[in-house]
Amino acid sequence: MSDAQAKLSPPATEPRLLIAAVPDLDAAQLFINRELSWLKFNERVLEEALDEGNPLLERINFLSIFFSNLDEFFMVRVSGLRRQMEAGVLEAPPDGMTPSEQLAAIRNQTLPAVEGALACWRNDLLPRLAEVGVRLLTYDDIKGRQRKLLRKHFKREIFPVLTPLAFDPGHPFPHISNLSINLAVIVRHPEHGERFARLKVPQSFPRLVRLPDEEKADSFEQLGLSEIKAANFIWLEDVVAENLDLLFPGLEVIDSFPFRVTRDADFEIEEDEASDLLQTIAEVVGQRHFGSAVRLEIEGRMSKRVSETLTENLGLAPFQLYSSPGPIGLADLSQLAEVDLPDHKFPPFQPAQHPAFVHEEDLFAALRRHSILLFHPYDSFNPVVQMLRQAAHDPKVLAIKQTLYRVGSNSPVVQALMEARQNGKQVSVLVELKARFDEENNIVWAKALEEVGVHVVYGVLGLKTHAKICMIVRAESHGIRRYVHFSTGNYNPTTARIYTDLGFFTTDRDLAADVSDLFNGLTGYSRKTQYRKLLVAPGNMRTDLLQRIEREIEHHQLHGEGRIIFKMNSLVDKPCIQALYRASRAGVKIDLLVRGICCLRPGLAGLSETITVSSIVGRFLEHSRLYYFANGGDEEVLLGSADLMPRNLDGRVEVLTPIQEPHLVEAIRDDILALHLADTCRARVLQVDGSYRRLEPKQGEPALDSQAVLLAEGGGWRAEE
């Protein structure tokens with residue numbers, strides 16, 4: 001990788017915001033609002049759905065992700081702002097926006113984005129699906145034989161599950177569960193006139209119903225989507241709406257309108273008052289469907305009277321009503337991404353096997369020779385599972401200690417830990433029960449581990465344990481040796497194929513001793529905040545990072561060539577942003593690869609002119625966290641799970657580990673960081689006004705897609721020393 005590829009200068013056309021010669025680093029205009037920055041990230045996801053260069057089914061998947069992301073944003077972030085507004089919270093974020101101002105700005109930014117997403121679906125993706133033999137039909141498109149089969153299917157399969165709920169003086173307004181698709185049904189009673197009923201569309205069936213072909217329409221085949229190469233589908237709510245006469249016999253069905261409610265899902269747990277944390281979280285998770293309503297989605301044709309009835313009874317203000325041409329709930333389009341049309345998906349790939357593990361069956365022998373870095377998904381995740389399986393059956397292994405945050409279902413990692421315990425190993429696992437939206441899954445695994453005798457810790461009081469670490473203790477001829485694995489991502493083989501993450505194996509004694517101390521604090525009691533080499537939150541991590549930024553300023557003032565490159569998911573922490581501003585003002589060149597939220601403003605004249613911020617959104621979710629400092633020639637790289645956010649630095653147990661091997665430092669600098677900075681295909685550059693501009697290759701140069709380059713090169717290229 002050339003030096004030129006490692007440099008990304010702000011474009012000459014970038015807008016500039018003039019500030020005072022000696023700015024107040026607390027000034028609100030220096031910071032971008034966190035919520036609005038996240039919405040910009042989701043718009044970048046939408047851009048991938050709009051990009052005709054992506055395969056058709058992948059574009060649909062990106063559109064589904066856009067809507068799914070938005071659902072979670074309303075459940076967590078918007079609900080939090082509403083709670084602040086109702087409580088009269090006066091404290092504003094660094095950008096100075098009040099909760100009510102943020103809610104208004106969110107609506108103003110969300111409406112056009114959703115409108116663009118729906119237009120993409122109706123005007124582009126739907127016609128293209130039809131061209132490849134996949135059609136989403138309405139009842140007007142369906143012929144007689146198919147209609148009869150649909151009615152028969154409805155009577156036999158769907159009708160028994162449905163429960164219409166009336167709303168009148170004798171029937172209270174029914175509870176509307178979170179994110180469910182519902183029909184507001186208007187019927188006319190011969191004696192009592194018009195009446196309102198709510199009907200929940202069952203979530204036990206696929207949202208998209210596959211229709212049998214008209215020519216051979218005999219029954220609804222039970223085929224998996226992966227077996228379908230071409231088919232006709234219809235929305236489940238349309239099937240229900242067409243057969244409402246069966247649910248309201250003797251009444252005239254006047255009309256029905258789909259709607260959807262989003263509820264507050266960001267619960268808080270008083271851990272110090274919970275006698276059984278596992279039971280408490282299990283109970284609270286079950287309450288997610290009953291949180292306060294924060295958004296009502298309707299289709300535009302809904303009558304004003306019905307929409308007012310819903311908003312009034314849900315306790316919503318007019319600004320919380322979102323009307324669109326429909327359909328609503330398009331996160332369910334992920335169902336279509338599974339259709340078997342390989343020519344309209346990303347080409348399959350096989351993660352590479354690292355040479356150190358290919359030529360050595362004994363993973364411990366390979367790790368004794370030198371530390372090893374894996375870059376997923378380009379490198380296979382199998383060595384992580386293989387190491388645990390080998391440890392489970394190795395008579396020399398005495399103990400395994402591990403943290404688990406999001407492990408997924410059918411986890412081979414958990415299975416290996418259970419086998420280790422069954423084989424007599426001492427196994428201690430911290431299962432973070434408070435991992436949002438994975439609580440139920442983690443409760444299942446925690447119970448399964450406990451049943452075989454694993455020492456399970458549910459987390460640290462008042463904190464989330466977000467660090468990803470594993471340690472294997474082994475008795476060897478020269479004494480006890482500890483094998484440690486650090487990761488920027490979860491111990492989850494499924495996400496390891498779609499997220500970019502780094503895994504680092506080492507037997508370094510100081511790092512291993514630090515991990516032992518950390519686990520002792522996680523499973524017992526400890527006030528330790530200083531470690532030999534690790535940076536640990538909520539202890540020394542922020543302070544040590546700030547000191548490193550100040551050190552880079554000093555090096556630059558003495559010798560020049562100050563350089564900082566950070567790669568992370570989000571940059572929100574005010575002290576860290578202010579430190580980067582000071583470094584830029586001193587002339588340090590700073591490149592930030594921030595996939596999601598970024599509250600720092602690059603390109604501020606006299607303050608952040610040497611800072612660039614770019615975001616890559618592509619086939620894989622950029623998820624790794626790396627912190628590089630030129631350090632006057634003695635380069636330093638830190639790897640770990642922490643973003644620069646208050647929640648990571650103050651409210652979570654996080655770990656950053658130094659990479660000390662020169663060849664690995666060089667590989668990270670040149671083959672990961674510099675390559676991503678050179679991306680001119682999937683990278684967008686943050687402008688001073690908070691907008692993003694997609695990078696384009698220079699005239700005559702081919703576009704560089706960093707993820708495609710890494711796929712083409714395969715893994716294992718960091719093996720050389």
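A disulfide here is a pair of cysteine sulfur atoms within 2.5 Å. By that rule, a search of the whole structure finds zero of them. C470 is buried, at 1%, while C681 is partly exposed, at 23% relative accessibility.

Some ground rules. This is a predicted model, in which local features need pLDDT of at least 70 and side-chain atom pairs count only at pLDDT 80 or more, whereas totals for chains, interfaces and linings use all residues. Residues are numbered from 1 along each chain as its sequence is written, and side-chain values use heavy atoms, with hydrogens and water left out.

Now the salt bridges. The term means a side-chain nitrogen of Lys or Arg within 4 Å of a carboxyl oxygen of Asp or Glu. The count comes to 49.

I start with R682 and D51, whose closest N and O atoms are 3.0 Å apart. R682 sits in the loop between α17 and β28 (683-686), and D51 in the loop between α1 (34-50) and α2 (56-87), so the bridge links distant parts of the chain, 631 residues apart. For these labels, helices are DSSP runs of H or I with at least four residues, strands are runs of E with at least two, and both are numbered from the N terminus. R682 and D51 are both buried. They also belong to a network of salt bridges that links E47, E48, D51, R682, R684, R694 and D705.

The next pair is R147 with E242, at 3.7 Å between the closest N and O atoms. R147 is in helix α4 (residues 144-158) and E242 in helix α5 (residues 236-242), so this bridge ties together parts 95 residues apart in sequence. R147 is partly exposed at 31% relative accessibility, and E242 is partly exposed at 38%.

R368 and E476 meet at 3.2 Å, N to O. Here helix α9 (residues 363-369) supplies R368 and strand β16 (residues 468-476) supplies E476, so parts 108 residues apart in sequence are tied together. R368 is partly exposed, at 33%, but E476 is buried, at 16%.

On to helix packing. Axes are lines fitted to C-alpha atoms, for helices over the stretch in contact, and angles run from 0 to 180 degrees between N-to-C directions. α1 and helix α3 (residues 99-131) pack at about 5°, with axes 10 Å apart. That makes the two roughly parallel, a label for angles under 35 degrees, with over 145 roughly antiparallel, 65 to 115 roughly perpendicular and the rest oblique. Contact means heavy atoms within 4.5 Å. Among the residues meeting there are L36, L39 and L46 in α1, and A105, I106 and A113 in α3.

Helix α17 (residues 662-677) packs against helix α18 (residues 706-713) at about 145°, with axes 9 Å apart. D671, L675 and H676 in α17 meet S706, V709 and L710 in α18.

Last, helix α7 (residues 304-314). Which of its residues are buried? V306, S307, T309, L310, T311 and L314 are. Their cover includes β3 (165-167), β4 (181-189), β5 (193-200), β8 (252-263), β9 (293-299) and β10 (321-324). Just after α7, G315 takes a positive phi of about 70°.

How values were computed: Buried < 20%, exposed > 50% of the residue type's maximum accessible area, 1.4 Å probe, protein only.
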